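Good morning, and thank you for making time for this. Please have a look at the sequence and the structure as they come up, and then I will take you through a few places in turn.

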Amino acid sequence: MGKLAVFIETTEDGIKLASLELLSAGQNAGQEVCALVLDGRADAYREELAEHGAHTIAAVTSPDGLLDDYHPGLYAQAVVAAMQDCDCEALLAVTSALGRDLLPRVAAALDCALVMDCVDIDLEAQTARKSHFSGKTWATLKLIGTTCVYGIRPHALSVEAVAVEAQHRIVNVSLQADDNLRVLRVEQKEQTGKVELTEAKVIISGGRAMSNAENYQILFDCAKPIHAAVGASRAAVDAGYAPHEMQVGQTGKTVSPDLYIACGISGAIQHFAGMKTSKVIVAINNDKSAPIFSKCDYGIVGDLFEVVPELSRLLSATTTE
Ligand code: FAD
(Lines give C-alpha, C1' and ligand atoms only; values in the text may rest on other atoms or scores of the structure.)
Protein backbone atom coordinates (compact mmCIF):
# COMPACT_ATOMS: atom_id res chain seq x y z
CA MET A 1 0.00 0.00 0.00
CA GLY A 2 1.33 3.47 -0.92
CA LYS A 3 1.78 6.34 1.48
CA LEU A 4 -0.79 8.94 2.44
CA ALA A 5 -0.24 12.50 1.20
CA VAL A 6 -1.62 15.42 3.16
CA PHE A 7 -1.86 18.79 1.41
CA ILE A 8 -0.68 21.41 3.91
CA GLU A 9 -2.75 24.56 3.63
CA THR A 10 -1.09 27.67 4.97
CA THR A 11 -1.76 31.35 5.53
CA GLU A 12 0.65 34.18 6.27
CA ASP A 13 0.38 33.14 9.92
CA GLY A 14 1.52 29.57 9.21
CA ILE A 15 -0.11 26.18 8.87
CA LYS A 16 -3.87 25.88 9.24
CA LEU A 17 -4.75 23.88 12.32
CA ALA A 18 -7.16 21.74 10.30
CA SER A 19 -4.27 20.60 8.04
CA LEU A 20 -2.21 19.57 11.07
CA GLU A 21 -5.14 17.50 12.31
CA LEU A 22 -5.16 15.58 9.02
CA LEU A 23 -1.53 14.54 9.54
CA SER A 24 -2.45 13.15 12.95
CA ALA A 25 -5.53 11.45 11.51
CA GLY A 26 -3.37 9.67 8.93
CA GLN A 27 -0.83 8.67 11.52
CA ASN A 28 -3.53 7.51 13.97
CA ALA A 29 -4.81 5.27 11.14
CA GLY A 30 -1.40 3.61 10.93
CA GLN A 31 -0.42 5.26 7.64
CA GLU A 32 2.98 6.45 6.47
CA VAL A 33 2.21 10.16 6.14
CA CYS A 34 3.80 12.60 3.72
CA ALA A 35 3.12 16.33 4.18
CA LEU A 36 3.08 18.26 0.90
CA VAL A 37 4.19 21.86 1.41
CA LEU A 38 3.92 24.12 -1.63
CA ASP A 39 4.42 27.58 -0.15
CA GLY A 40 8.24 27.47 -0.02
CA ARG A 41 8.38 27.53 3.79
CA ALA A 42 8.71 23.79 4.51
CA ASP A 43 11.90 24.33 6.51
CA ALA A 44 10.14 26.67 8.91
CA TYR A 45 7.34 24.16 9.49
CA ARG A 46 9.60 21.15 10.05
CA GLU A 47 9.14 20.87 13.81
CA GLU A 48 5.40 21.53 13.80
CA LEU A 49 4.75 18.98 11.06
CA ALA A 50 6.83 16.31 12.81
CA GLU A 51 5.01 17.00 16.08
CA HIS A 52 1.72 16.21 14.33
CA GLY A 53 2.88 12.95 12.77
CA ALA A 54 4.40 13.74 9.34
CA HIS A 55 6.91 11.00 8.53
CA THR A 56 8.06 12.84 5.41
CA ILE A 57 8.00 16.55 4.74
CA ALA A 58 7.98 17.14 1.01
CA ALA A 59 9.07 20.65 0.07
CA VAL A 60 7.48 20.94 -3.36
CA THR A 61 9.21 23.51 -5.53
CA SER A 62 9.16 24.61 -9.12
CA PRO A 63 12.47 25.97 -10.49
CA ASP A 64 10.65 28.56 -12.61
CA GLY A 65 8.79 30.02 -9.63
CA LEU A 66 5.40 28.88 -10.88
CA LEU A 67 4.30 27.95 -7.36
CA ASP A 68 5.10 31.34 -5.85
CA ASP A 69 1.43 32.28 -5.88
CA TYR A 70 -1.63 30.05 -5.71
CA HIS A 71 -2.82 28.95 -9.14
CA PRO A 72 -5.36 26.09 -9.12
CA GLY A 73 -4.11 24.38 -12.30
CA LEU A 74 -0.42 24.60 -11.41
CA TYR A 75 -0.98 23.61 -7.79
CA ALA A 76 -2.97 20.57 -8.97
CA GLN A 77 -0.13 19.54 -11.30
CA ALA A 78 2.38 19.99 -8.48
CA VAL A 79 0.33 17.93 -6.00
CA VAL A 80 -0.03 15.09 -8.51
CA ALA A 81 3.69 15.15 -9.31
CA ALA A 82 4.61 15.23 -5.61
CA MET A 83 2.26 12.34 -4.81
CA GLN A 84 3.91 10.28 -7.53
CA ASP A 85 7.40 11.29 -6.41
CA CYS A 86 6.65 10.34 -2.79
CA ASP A 87 4.83 7.11 -3.72
CA CYS A 88 1.49 8.27 -2.27
CA GLU A 89 -1.78 6.63 -3.22
CA ALA A 90 -4.27 8.69 -1.23
CA LEU A 91 -4.54 12.41 -0.61
CA LEU A 92 -6.18 14.21 2.30
CA ALA A 93 -6.87 17.94 2.35
CA VAL A 94 -9.25 20.25 4.14
CA THR A 95 -12.53 21.09 2.39
CA SER A 96 -11.78 24.80 2.65
CA ALA A 97 -12.36 27.30 -0.15
CA LEU A 98 -8.93 26.39 -1.50
CA GLY A 99 -9.57 22.66 -1.05
CA ARG A 100 -12.83 22.91 -2.97
CA ASP A 101 -10.95 24.59 -5.81
CA LEU A 102 -7.94 22.30 -5.83
CA LEU A 103 -9.07 18.76 -5.01
CA PRO A 104 -11.42 18.14 -7.97
CA ARG A 105 -8.59 19.18 -10.31
CA VAL A 106 -6.19 16.78 -8.60
CA ALA A 107 -8.73 13.94 -8.77
CA ALA A 108 -9.42 14.67 -12.44
CA ALA A 109 -5.70 14.63 -13.25
CA LEU A 110 -5.30 11.32 -11.38
CA ASP A 111 -8.57 10.01 -12.85
CA CYS A 112 -9.49 8.74 -9.40
CA ALA A 113 -12.34 8.82 -6.88
CA LEU A 114 -12.98 12.06 -4.99
CA VAL A 115 -15.17 12.64 -1.95
CA MET A 116 -15.57 16.06 -0.37
CA ASP A 117 -16.59 17.30 3.08
CA CYS A 118 -16.12 13.97 4.85
CA VAL A 119 -16.68 13.85 8.60
CA ASP A 120 -15.16 10.42 9.02
CA ILE A 121 -12.95 8.16 6.93
CA ASP A 122 -11.54 4.65 7.03
CA LEU A 123 -8.43 4.75 4.89
CA GLU A 124 -7.93 0.99 4.88
CA ALA A 125 -11.51 0.19 3.88
CA GLN A 126 -11.54 3.29 1.60
CA THR A 127 -14.84 4.50 3.01
CA ALA A 128 -15.94 8.02 3.86
CA ARG A 129 -18.95 9.33 5.77
CA LYS A 130 -20.62 12.55 4.69
CA SER A 131 -23.96 14.28 4.89
CA HIS A 132 -26.40 14.85 2.06
CA PHE A 133 -29.46 17.05 1.54
CA SER A 134 -28.32 19.70 4.06
CA GLY A 135 -27.60 17.13 6.71
CA LYS A 136 -30.96 15.34 6.47
CA THR A 137 -29.23 12.06 5.63
CA TRP A 138 -25.78 10.56 6.15
CA ALA A 139 -24.10 8.16 3.77
CA THR A 140 -20.99 6.03 3.97
CA LEU A 141 -19.38 5.91 0.55
CA LYS A 142 -16.98 3.27 -0.70
CA LEU A 143 -14.27 4.67 -2.94
CA ILE A 144 -13.23 2.41 -5.81
CA GLY A 145 -9.67 2.21 -7.16
CA THR A 146 -6.27 2.34 -5.55
CA THR A 147 -5.88 6.13 -5.67
CA CYS A 148 -8.37 8.27 -3.75
CA VAL A 149 -8.74 11.95 -2.86
CA TYR A 150 -10.55 12.86 0.37
CA GLY A 151 -11.66 16.39 1.28
CA ILE A 152 -12.21 16.54 5.05
CA ARG A 153 -14.50 18.94 6.89
CA PRO A 154 -12.30 21.14 9.12
CA HIS A 155 -11.95 19.75 12.68
CA ALA A 156 -14.41 16.90 12.00
CA LEU A 157 -11.99 14.06 12.75
CA SER A 158 -11.06 13.38 16.35
CA VAL A 159 -7.32 12.89 16.43
CA GLU A 160 -4.41 12.70 18.79
CA ALA A 161 -1.08 14.19 17.72
CA VAL A 162 1.91 11.89 18.20
CA ALA A 163 5.34 13.31 17.37
CA VAL A 164 7.59 11.41 14.96
CA GLU A 165 11.04 11.77 13.43
CA ALA A 166 10.38 13.45 10.07
CA GLN A 167 12.44 13.09 6.93
CA HIS A 168 12.88 16.13 4.74
CA ARG A 169 12.56 15.70 1.01
CA ILE A 170 12.82 18.25 -1.78
CA VAL A 171 10.52 17.56 -4.69
CA ASN A 172 11.30 19.64 -7.77
CA VAL A 173 8.39 19.54 -10.16
CA SER A 174 8.37 20.74 -13.73
CA LEU A 175 5.03 22.27 -14.56
CA GLN A 176 3.25 22.95 -17.83
CA ALA A 177 2.15 26.58 -18.03
CA ASP A 178 -1.64 26.66 -17.69
CA ASP A 179 -3.14 29.37 -19.89
CA ASN A 180 -6.72 28.28 -19.34
CA LEU A 181 -6.75 30.18 -16.08
CA ARG A 182 -4.91 33.35 -15.17
CA VAL A 183 -4.80 34.76 -11.65
CA LEU A 184 -5.32 38.47 -12.20
CA ARG A 185 -4.88 39.61 -8.62
CA VAL A 186 -4.95 38.33 -5.08
CA GLU A 187 -6.79 40.52 -2.62
CA GLN A 188 -5.43 40.38 0.89
CA LYS A 189 -8.06 40.12 3.56
CA GLU A 190 -8.07 42.99 5.97
CA GLN A 191 -6.02 42.01 9.05
CA THR A 192 -8.62 42.31 11.78
CA GLY A 193 -6.97 40.04 14.35
CA LYS A 194 -10.27 38.14 14.56
CA VAL A 195 -10.24 34.35 14.72
CA GLU A 196 -11.15 32.69 11.41
CA LEU A 197 -14.38 30.66 11.59
CA THR A 198 -13.07 27.44 10.09
CA GLU A 199 -10.00 27.46 12.36
CA ALA A 200 -11.84 28.14 15.61
CA LYS A 201 -12.33 25.63 18.41
CA VAL A 202 -15.15 27.77 19.81
CA ILE A 203 -17.70 29.74 17.75
CA ILE A 204 -20.30 32.19 19.00
CA SER A 205 -22.90 32.97 16.34
CA GLY A 206 -25.63 35.56 16.25
CA GLY A 207 -28.85 35.44 14.25
CA ARG A 208 -31.58 37.83 13.19
CA ALA A 209 -32.20 38.63 16.84
CA MET A 210 -28.94 40.62 16.92
CA SER A 211 -31.06 43.37 15.28
CA ASN A 212 -28.14 45.40 13.89
CA ALA A 213 -24.42 45.25 13.10
CA GLU A 214 -23.35 47.18 16.22
CA ASN A 215 -24.89 44.62 18.55
CA TYR A 216 -22.42 42.00 17.26
CA GLN A 217 -19.86 43.72 19.46
CA ILE A 218 -21.28 41.85 22.46
CA LEU A 219 -20.44 38.58 20.69
CA PHE A 220 -16.91 39.77 19.86
CA ASP A 221 -16.44 40.83 23.49
CA CYS A 222 -17.56 37.40 24.65
CA ALA A 223 -15.34 35.66 22.07
CA LYS A 224 -12.13 37.55 22.85
CA PRO A 225 -11.04 36.01 26.17
CA ILE A 226 -11.50 32.47 24.86
CA HIS A 227 -10.09 33.11 21.33
CA ALA A 228 -13.44 32.18 19.78
CA ALA A 229 -14.64 33.17 16.31
CA VAL A 230 -17.93 34.97 15.67
CA GLY A 231 -20.40 33.65 13.12
CA ALA A 232 -23.84 34.61 11.83
CA SER A 233 -26.99 33.12 10.39
CA ARG A 234 -28.04 33.91 6.85
CA ALA A 235 -30.95 35.99 8.10
CA ALA A 236 -28.43 38.24 9.88
CA VAL A 237 -26.16 38.37 6.83
CA ASP A 238 -29.04 39.13 4.47
CA ALA A 239 -30.16 41.91 6.79
CA GLY A 240 -26.66 43.43 6.56
CA TYR A 241 -25.76 42.87 10.22
CA ALA A 242 -22.72 40.74 9.37
CA PRO A 243 -20.58 40.09 6.25
CA HIS A 244 -21.09 36.91 4.23
CA GLU A 245 -17.71 35.55 5.33
CA MET A 246 -19.27 35.13 8.79
CA GLN A 247 -22.22 33.08 7.54
CA VAL A 248 -22.54 29.53 8.81
CA GLY A 249 -24.76 27.06 7.00
CA GLN A 250 -25.69 25.45 3.74
CA THR A 251 -24.78 28.53 1.71
CA GLY A 252 -22.12 29.72 4.14
CA LYS A 253 -19.24 28.02 5.92
CA THR A 254 -19.27 24.51 7.33
CA VAL A 255 -17.73 24.32 10.78
CA SER A 256 -17.03 21.62 13.39
CA PRO A 257 -15.77 23.42 16.50
CA ASP A 258 -15.54 21.86 19.95
CA LEU A 259 -18.21 24.31 21.11
CA TYR A 260 -20.83 26.23 19.08
CA ILE A 261 -22.95 28.82 20.87
CA ALA A 262 -26.00 29.92 18.84
CA CYS A 263 -27.45 33.23 20.04
CA GLY A 264 -30.87 34.25 18.77
CA ILE A 265 -30.82 31.63 16.02
CA SER A 266 -33.99 29.60 15.46
CA GLY A 267 -32.25 26.43 14.22
CA ALA A 268 -33.37 26.21 10.57
CA ILE A 269 -32.15 23.11 8.75
CA GLN A 270 -29.99 25.23 6.44
CA HIS A 271 -28.15 26.75 9.40
CA PHE A 272 -27.85 23.39 11.10
CA ALA A 273 -26.32 21.92 7.94
CA GLY A 274 -23.25 24.06 8.54
CA MET A 275 -22.68 23.38 12.25
CA LYS A 276 -24.36 20.12 13.21
CA THR A 277 -21.01 18.31 13.52
CA SER A 278 -19.96 20.69 16.32
CA LYS A 279 -18.95 18.59 19.33
CA VAL A 280 -21.15 20.56 21.78
CA ILE A 281 -23.98 22.93 20.80
CA VAL A 282 -25.35 25.54 23.18
CA ALA A 283 -28.44 27.59 22.26
CA ILE A 284 -29.52 30.90 23.75
CA ASN A 285 -33.04 31.82 22.67
CA ASN A 286 -35.93 33.63 24.33
CA ASP A 287 -38.53 31.33 22.74
CA LYS A 288 -38.59 28.01 24.58
CA SER A 289 -40.26 26.35 21.59
CA ALA A 290 -37.55 27.41 19.11
CA PRO A 291 -36.46 24.39 16.99
CA ILE A 292 -32.82 24.85 18.03
CA PHE A 293 -33.65 23.55 21.50
CA SER A 294 -34.41 20.10 20.10
CA LYS A 295 -30.99 20.01 18.43
CA CYS A 296 -28.65 21.38 21.07
CA ASP A 297 -26.76 19.81 23.96
CA TYR A 298 -27.48 22.70 26.35
CA GLY A 299 -30.19 25.33 26.04
CA ILE A 300 -30.63 28.66 27.81
CA VAL A 301 -34.10 30.20 27.56
CA GLY A 302 -33.47 33.90 27.89
CA ASP A 303 -32.75 37.22 26.25
CA LEU A 304 -29.36 37.04 24.55
CA PHE A 305 -28.74 40.70 25.45
CA GLU A 306 -28.79 39.67 29.10
CA VAL A 307 -27.24 36.19 28.84
CA VAL A 308 -24.28 37.01 26.55
CA PRO A 309 -22.87 39.93 28.62
CA GLU A 310 -23.15 37.78 31.75
CA LEU A 311 -21.32 34.96 29.95
CA SER A 312 -18.61 37.44 28.87
CA ARG A 313 -18.21 38.62 32.45
CA LEU A 314 -17.81 35.05 33.71
CA LEU A 315 -15.39 34.08 30.92
CA SER A 316 -13.24 37.18 31.45
CA ALA A 317 -13.14 36.51 35.19
CA THR A 318 -12.16 32.86 34.62
CA THR A 319 -9.47 33.58 32.03
CA THR A 320 -7.81 36.38 34.07
CA GLU A 321 -7.77 34.40 37.32
P1 FAD B 1 -34.93 33.52 12.66
O2 FAD B 1 -35.39 32.24 12.09
O3 FAD B 1 -35.78 34.73 12.46
O4 FAD B 1 -34.73 33.26 14.23
C5 FAD B 1 -34.41 34.25 15.14
C6 FAD B 1 -34.48 33.62 16.51
O7 FAD B 1 -34.07 34.56 17.49
C8 FAD B 1 -35.88 33.17 16.92
O9 FAD B 1 -35.82 31.79 17.28
C10 FAD B 1 -36.23 34.04 18.12
O11 FAD B 1 -36.96 33.33 19.11
C12 FAD B 1 -34.87 34.39 18.64
N13 FAD B 1 -34.81 35.68 19.38
C14 FAD B 1 -35.39 36.86 19.07
N15 FAD B 1 -35.02 37.81 19.96
C16 FAD B 1 -34.20 37.21 20.86
C17 FAD B 1 -33.48 37.67 21.99
N18 FAD B 1 -33.51 38.95 22.38
N19 FAD B 1 -32.75 36.78 22.69
C20 FAD B 1 -32.69 35.46 22.32
N21 FAD B 1 -33.33 34.98 21.22
C22 FAD B 1 -34.07 35.84 20.50
N23 FAD B 1 -29.52 30.08 6.97
C24 FAD B 1 -28.30 30.08 7.56
O25 FAD B 1 -28.17 30.45 8.74
N26 FAD B 1 -27.20 29.70 6.85
C27 FAD B 1 -27.26 29.29 5.56
O28 FAD B 1 -26.21 28.97 4.98
C29 FAD B 1 -28.54 29.27 4.93
N30 FAD B 1 -28.66 28.85 3.65
C31 FAD B 1 -29.93 28.78 3.10
C32 FAD B 1 -30.07 28.25 1.82
C33 FAD B 1 -31.35 28.15 1.26
C34 FAD B 1 -31.48 27.58 -0.12
C35 FAD B 1 -32.47 28.60 1.98
C36 FAD B 1 -33.84 28.49 1.39
C37 FAD B 1 -32.33 29.13 3.23
C38 FAD B 1 -31.06 29.24 3.82
N39 FAD B 1 -30.89 29.76 5.09
C40 FAD B 1 -29.67 29.71 5.68
C41 FAD B 1 -31.98 30.46 5.81
C42 FAD B 1 -32.68 29.62 6.86
O43 FAD B 1 -33.73 28.90 6.28
C44 FAD B 1 -33.25 30.52 7.97
O45 FAD B 1 -34.12 31.47 7.37
C46 FAD B 1 -32.21 31.28 8.77
O47 FAD B 1 -31.22 30.38 9.23
C48 FAD B 1 -32.88 31.98 9.95
O49 FAD B 1 -31.93 32.74 10.63
P50 FAD B 1 -32.15 33.09 12.16
O51 FAD B 1 -32.27 31.83 12.94
O52 FAD B 1 -31.09 34.06 12.53
O53 FAD B 1 -33.51 33.91 12.13
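This is a predicted model: local features need pLDDT of at least 70, side-chain atom pairs count only at pLDDT 80 or more; totals for chains, interfaces and linings use all residues.

I would like to begin with aspartate 117, which counts as buried at 13% relative accessibility, where buried means under 20% relative accessible area, exposed means over 50%, and partly exposed lies in between, all with a 1.4 Å probe and with protein chains only. Residues are numbered from 1 along each chain as its sequence is written, and side-chain values use heavy atoms, with hydrogens and water left out.

Aspartate 117 belongs to strand β7; helices here are DSSP runs of H or I with at least four residues, strands are runs of E with at least two, and both are numbered from the N terminus. Its phi is near 60°, a positive value in a residue other than glycine. Most residues other than glycine have a negative phi. Aspartate 111, in the loop between α4 (97-110) and β7 (113-118), also has a positive phi, near 50°, but aspartate 111 is exposed, with a relative accessible area of 72%.

Let me turn to histidine 155, in the loop between β11 (148-152) and β12 (167-172). Is histidine 155 buried or exposed? At 7% relative accessibility, histidine 155 counts as buried. Its side chain makes a polar contact with the side chain of glutamate 21 at 3.0 Å, and the side chain of histidine 155 also reaches the backbone oxygen of glutamate 199 at 3.4 Å. A polar contact is a pair of N or O atoms within 3.5 Å; within protein, one must be able to donate a hydrogen and the other to accept it, and residues adjacent in sequence count only if both atoms are side-chain atoms.

Now to the ligand. Which residues are closest to the ligand? Of the 25 residues that surround it, the closest are Arg208, Ser233, Thr251, Ser266 and Gln270, where being near means having a heavy atom within 4 Å. That shell divides into 7 nonpolar, 14 polar and 4 charged residues. As for individual atoms, a polar side-chain atom of glutamine 270 lies 2.7 Å from an oxygen atom of the ligand, a polar backbone atom of glutamine 250 is 2.9 Å from a ligand oxygen, and a backbone N or O atom of glycine 264 lies 3.1 Å from an oxygen atom of the ligand. The elements that give two or more residues to the shell are α6 (234-238), α7 (269-272) and α8 (304-320).

Finally, alanine 42 is placed in helix α2, residues 42-51, and alanine 42 is buried, with a relative accessible area of 5%. The C-alpha atoms of alanine 42 and alanine 236, which are 194 residues apart along the chain, are separated by 40 Å.

How values were computed. Ala, Val, Leu, Ile, Met, Phe, Trp, Tyr, Cys and Pro count as nonpolar, Asp, Glu, Lys and Arg as charged, and the others, Gly among them, as polar.
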